[in-house]
Amino acid sequence: MILIASLVVGLLFACGVRMVLERELVRVACGTVLITNSSVLLILAGSFPERGEAVHVQPGWPVTDPVLQSLALTAIVIGFAVSALLLTLVHRTQRAHGSLRTDRLVEAELKRVHDTEGERPV
Amino acid sequence: MPLLLPILLALACAPLAYVAGRWRPGAAAWVGASLAVASLVALGWELTLGPARLVLPWAPTWGLSLEFTRDGLSGLYAVMALSVGALVVLYSRAYLPHHLELKHRPARDEVRFHVLMLSFMAAMVLLVTVDDLLLLFVALDLTTIVSYLLIGYDRDDPESRAAALLSLVLTGATSVVFFAGAMTLGLQYGTFSLPLVFERAATSPASTGALVCLAVGALGKSAQVPFHFWLPRAMAAPTPVSSYLHSAAMVAAGVFLLQRLYPLFAPAVAVRDGLLALGFLSMAVGSLLALVADPFKRVLAYSTIAQYGYALVLVALGSEGAPLYVAAHAPCKAALFLTVGAVTQVTGSKKLSQVSGLRHSLPVLAGASAVAAAGLAALPLTVGFFKDEVFFHALVQKGPAFMAAGLVGAGLTLAYTLRLWWGLFGGARQDVPAAPRLLVAPVVVLAASVLAGGLLPGLLVAPARAAASASMTRGEPATLELAYHLDARAENLLAMGAWALGAVLFATRLAWTPGLARVLDGTSRFGPEHGYRLLLHQLDRLSTWLHELEVRDLRDRVASVLVPTGLLGLTVLWVTPLRHRFIPGTVGWADLTLVMALAFASAAALATLRARGHLVLVMLISCVGFSLAMVFAFAAAPDVALTSVLVETTFTLLFAGLLALLPDRRLARAQQEAQQPRDRDRFSAGIAGVSGFLLSWSALSHLEADRVGTQTVKLAEVAHSPNVVAAVLTDFRGLDTVGEMSVVVAALLGVTSLLGLKGKR
């Protein structure tokens, strides 16, 4: 079970990184979502091997680790908030630069630096 | 806390001078100098009270405290720093306006200079007074930083900026090495307090590595071979800076460190032999370069390297005269620097070949600087005579080879000193306007002190002995004797030989100077300065290359963080000695649902890579999220599963909304261009994935059997909460939840404000 869980964590992380390395901002945002998912899974995977019942616990029965669950909850909520902010940023960037491609953004940034500094070529 | 009075007064100089300078620029120097004199008086009063220590607790739980000492060594160096400092600040009052006018800078910039000089003086006083390895390092770095600002004072001049950078890089890098040595000692002895370190070093000697590190820091500061080349370059600074930092203060700091830490070096004969060799080498290199250099300040800079070579030899030999040597050298060298500064101001030239015969126009300056030069060249009736006497005395005990080396060194000193003085004041008459009085007075005062020390050597014995017993003799009373002996003892014979050699060298200088200049010019191409330049150039190229690489593509920027981190993680796993590193775990029939949900999530994640349309992509991403929610549900985490479903639903709607906001045309174009994955992206993703997989596998294989969770379940009953997770979130980790809430609120505020902004379409 440990092996399977960590394999899935690794796979989600790799897919996330692969998406983040794309040239297009929507996919970059998707990649960060995947990475968030992989880390939530990693936190909760700690309780997979010895999980018990969660509701209506009789005294003495095995219980799932509640600390890991609360950590995962925090991670999910924060991940959601940050992803939402990221998506809005994607939208803003598209409006400001008229493009969804990262290389265009770099060009625009270099041009701006070039214009403000004037004499120093970048 | 009477011990702190001189330090506090010295620290108050710079701020008060600044305040006075805001009122009237000319007042800054006077206020600063008078406070320095006040501090000097306080120090003199302190020194009459005898040795003392002061320990102020700083971080007692870590065993850190601020420790100060008042002993002979700190007294000698502090008097030197304060008195020369006060004189140089007064001199700058006359020097700076002219200098600023030449550089086309406003006159109020003068205040900045005085403030920096006085800050440097305070840092120096702090350095010599602290009695703790860490504070020693802090004070050392303070002097480095202020000296960087002072050398680069003419900030419009690229040459002085480069010189400032060189001195910062070199003395800063070597002081980091010093820090490494100090930390090693601190760990070895369990304390940074110097008396305790010395006490413990008496039973278990310090490691050679630590001592070498400490010595490197000191050598860098004292501009000894192979770090000597920063000092001549630093002559780009205004002359008062050279006079103070590069004769009496900063360069002295290195030798001071060695003297302060001498009890550690005393048993390490191999390290001291290395220092001895470097001292003689610096003497030779400095003296020879001083014999051919043309700019006055360079002659003096090379002479400083050579003179601190002498001091290094004395420390390496464990001579009691080492502190006296530095103290006797300082007024002579400072006076000569101030002299050449005055000469440059009245003549406008900086080279020996451009001036001559100034004795007619500047008689007072010529006389005073003759005394200082005689002091530097160790002629009798000056304090300099005794610095060479202790030097010869130490060499006589080592043997004839050392005596010969000392004789040649002293002869070369006399030769270059004569060459400098004669070059300035001797020869064909040249008429120049008279120098301002304030430029000459400090030289006269310094020369008078040089003469007084030479005429009344008895005055020097007590401070020299006190300094020696605080450092070189490790607490034993020193037996240093200073007197003129009119007999044929070895020291006297060596001194006579040196004068004869120097006179001969000076008389025949026209014959050998061109040849020597050619040889030195040829060898300088292979010196450490060339290596430094090469290193700087290559580092510059590397940085440009990396910058280009990073900026050209944002993807590489991300990958350049992820790939090294992944490799680092793998390396950590590789080198960490863990038993049963990886446990595959067991899979039973009960886990079937869990495994299926995980497989579903993986399949969806893989499919996102191939997704063509944006809508499909969003659907796949939310599919991953919902599959994970399923996983959480099967893993007996209902709260997490519920939250996850809720969050995924909202997120999918949000994402779909974003797609509706983005123009279709652009989406379609971006999509076509996005489908060009590069091999190195796959590679980066592979590294990241493998590293993430192995790290999480290793982490999950080493879960503690005794969980916090079992405790938490019991505590939840006390908290009267049937839901343990809710108890954890709202009670046990309530502060974390507040933090989480603030992140969510901040993100939402960001979202609303970004969506509300009106931007160009």
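**Figure 1. A helical span of chain A.** Over residues 6-21 of chain A, the chain is 94% helix and 0% strand, with its end C-alpha atoms 22 Å apart. Helices (H or I, at least four residues) and strands (E, at least two) are DSSP runs, numbered from the N terminus. The model is predicted: local features need pLDDT of at least 70, side-chain atom pairs count only at pLDDT 80 or more, and totals for chains, interfaces and linings use all residues. Residues are numbered from 1 along each chain as its sequence is written, while chains are lettered from A and ligands numbered from 1 in the order in which they are written. UniProt, in an unreviewed entry, lists residues 6-21, 28-48 and 68-90 of chain A as "transmembrane region". UniProt positions follow the numbering used here, feature names are shortened, and annotations may be inferred rather than shown by experiment. Residues 28-48 of chain A are 86% helix and 0% strand, and their end C-alpha atoms lie 30 Å apart.

**Figure 2. The contact between chain A and chain B.** Here 77 residues of chain A are in contact with 86 residues of chain B (C-beta atoms, placed from the backbone, within 7 Å). Helices H1 (2-20), H2 (25-45), H3 (66-97) and H4 (102-117) of chain A each supply at least two residues of the side that touches chain B. H3(A) gives the largest share of that side, 25 residues. By class, the side of chain A that touches chain B has 50 nonpolar, 15 polar and 12 charged residues. Ala, Val, Leu, Ile, Met, Phe, Trp, Tyr, Cys and Pro count as nonpolar, Asp, Glu, Lys and Arg as charged, and the others, Gly among them, as polar.

**Figure 3. Helices H5 and H6 of chain B.** The axes of H5 (residues 133-151) and H6 (residues 158-189) of chain B come within 9 Å and cross at roughly 175 degrees. Axes are lines fitted to C-alpha atoms, for helices over the stretch in contact, and angles run from 0 to 180 degrees between N-to-C directions. H5(B) and H6(B) are therefore roughly antiparallel to each other (angles over 145 degrees). The contact of H5(B) with H6(B) has 13 nonpolar, eight polar and one charged residues.

**Figure 4. Two loops of chain B.** Most residues other than glycine have a negative phi, and most peptide bonds are trans. His104(B) is not a glycine, yet has a positive phi of about 55 degrees. The residue is found in the loop between H3 (72-102) and H4 (109-129) of chain B. The peptide bond from Val225(B) to Pro226(B) is cis, with omega near 5 degrees. Pro226(B) is found in the loop between H8 (208-221) and H9 (230-233) of chain B.

Figure 5. Chain B has 32 helices and two strands. An unreviewed UniProt entry lists residues 131-413 of chain B as "domain: NADH:quinone oxidoreductase/Mrp antiporter transmembrane". This span is 76% helix and 0% strand, with end C-alpha atoms 35 Å apart. The domain assignment, automatic or from a database, gives domain 1 (293-507), domain 2 (553-703) and domain 3 (707-761) of chain B. The C-alpha centres of domain 1 and domain 3 of chain B lie 74 Å apart.

Definitions and conventions:
Angles under 35 degrees count as roughly parallel, over 145 as roughly antiparallel, 65 to 115 as roughly perpendicular and the rest as oblique. Two residues are in contact if their C-beta atoms, placed from the backbone, lie within 7 Å.
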